[in-house]
Amino acid sequence: MDVTEMVGRCKRGDSGAMAALYMAYSGKMMNTLRRIVGTDAVAADLLHDGFTSIGSLRDASRLEPWMQRIMTNLALRYMQAGGKSVSLDHAGDVIDESGGEENPAGIPFDRIIQMVDTLPD
């Protein structure tokens, strides 16, 4: 199953497609989250939250960068909230799929992802 088909099936509520998507991307997304929040338990919670927002993805060909941004946004919002839970309602507020917008601190998300990727495991 290709990515476009997988995303489409996820949006239609296909739990098998969601499981396949999770298996394919959860490891990399978990690493991103863990690097930002520092704990496996919080990262796992945010990972679950991030995957539930798949319905807002507009371009399936941009799945991985979109997921990286959603996960990074969730983790940054969690950290800004002082370790309190965050709402998914605002996970995509300061991003777009082109990567052109910046976060409230003025750092482009592409740069944040680059910085996170350089952190040790």
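1. Crossing of α2 and α4. A crossing is left-handed if the near helix is turned anticlockwise from the far one by less than a right angle, and right-handed if clockwise. By that convention, α2 passes α4 in a right-handed crossing. Helices here are DSSP runs of H or I with at least four residues, strands are runs of E with at least two, and both are numbered from the N terminus.

2. Basis of the model. The model is predicted: local features need pLDDT of at least 70, side-chain atom pairs count only at pLDDT 80 or more, and totals for chains, interfaces and linings use all residues. Residues are numbered from 1 along each chain as its sequence is written, and side-chain values use heavy atoms, with hydrogens and water left out.

3. Overall make-up. The chain has five helices and zero strands. Along the sequence the pattern reads α-α-α-α-α. Of the 121 residues, 38% count as buried. Buried means under 20% relative accessible area, exposed means over 50%, and partly exposed lies in between, with a 1.4 Å probe and protein chains only. Contact means heavy atoms within 4.5 Å. Among contacts between residues at least 6 apart in sequence, 54% join residues at least 24 apart.

4. Geometry of the helix pair. Two packed helices are described by the angle between their axes and the distance between the axes. Helix α2 covers residues 15-37 and helix α4 covers residues 63-80; they pack at an angle of about 35°, with axes 10 Å apart. Axes are lines fitted to C-alpha atoms, for helices over the stretch in contact, and angles run from 0 to 180 degrees between N-to-C directions.

5. Residues at that contact. From α2 come L21, Y25, K28, M29, T32, L33, I36 and V37. They meet L63, E64, M67, Q68, M71, T72, A75, L76, Y78 and M79 of α4. By class, the contact of α2 with α4 has 13 nonpolar, three polar and two charged residues. Ala, Val, Leu, Ile, Met, Phe, Trp, Tyr, Cys and Pro count as nonpolar; Asp, Glu, Lys and Arg count as charged; the others, Gly among them, count as polar.

6. Q68 sits in helix α4. Q68 counts as buried because its relative accessible area is 7%. Setting aside neighbours within four places in sequence, Q68 is in contact with K28, M29, T32 and I113. N73 is also found in helix α4. N73 is buried, at a relative accessible area of 2%. The C-alpha atoms of N73 and G50 are separated by 9.3 Å, with the two residues 23 apart along the chain.

7. Salt bridges. How many salt bridges does a search of the whole structure find? There are four. A salt bridge is a side-chain nitrogen of Lys or Arg within 4 Å of a carboxyl oxygen of Asp or Glu. One of them joins the side chains of K28 and E64, at 2.5 Å from N to O. This pair links distant parts of the chain: K28 is in α2, E64 is in α4, and they are 36 residues apart. K28 is partly exposed at 46%, and E64 is partly exposed at 28%.

8. Other bridges. D14 forms a salt bridge with R9, the closest N and O atoms being 2.7 Å apart. D14 is partly exposed at 24%, and R9 is partly exposed at 26%. R34 and D40 also meet through their side chains, at 2.4 Å from N to O. R34 counts as partly exposed at 28%, as does D40 at 45%. Salt bridges that share partners join E5, R9 and D14 into one network.

9. Aromatic pair. Rings of Phe, Tyr and Trp (its six-membered ring) pair if their centres lie within 6.5 Å; planes under 30 degrees apart count as stacked, over 60 as edge-to-face and the rest as tilted. The count comes to one aromatic pair. Y22 and F51 form it, tilted, at 5.0 Å centre to centre and 55° between the planes. Y22 is in α2 and F51 is in helix α3 (residues 40-51), 29 residues apart. Y22 is partly exposed at 34%, whereas F51 is buried at 5%.

10. The α3-α4 loop. S53 lies in the loop between α3 and α4. S53 counts as buried because its relative accessibility is 12%. Leaving aside neighbours within four places in sequence, S53 is in contact with W66 and I70.
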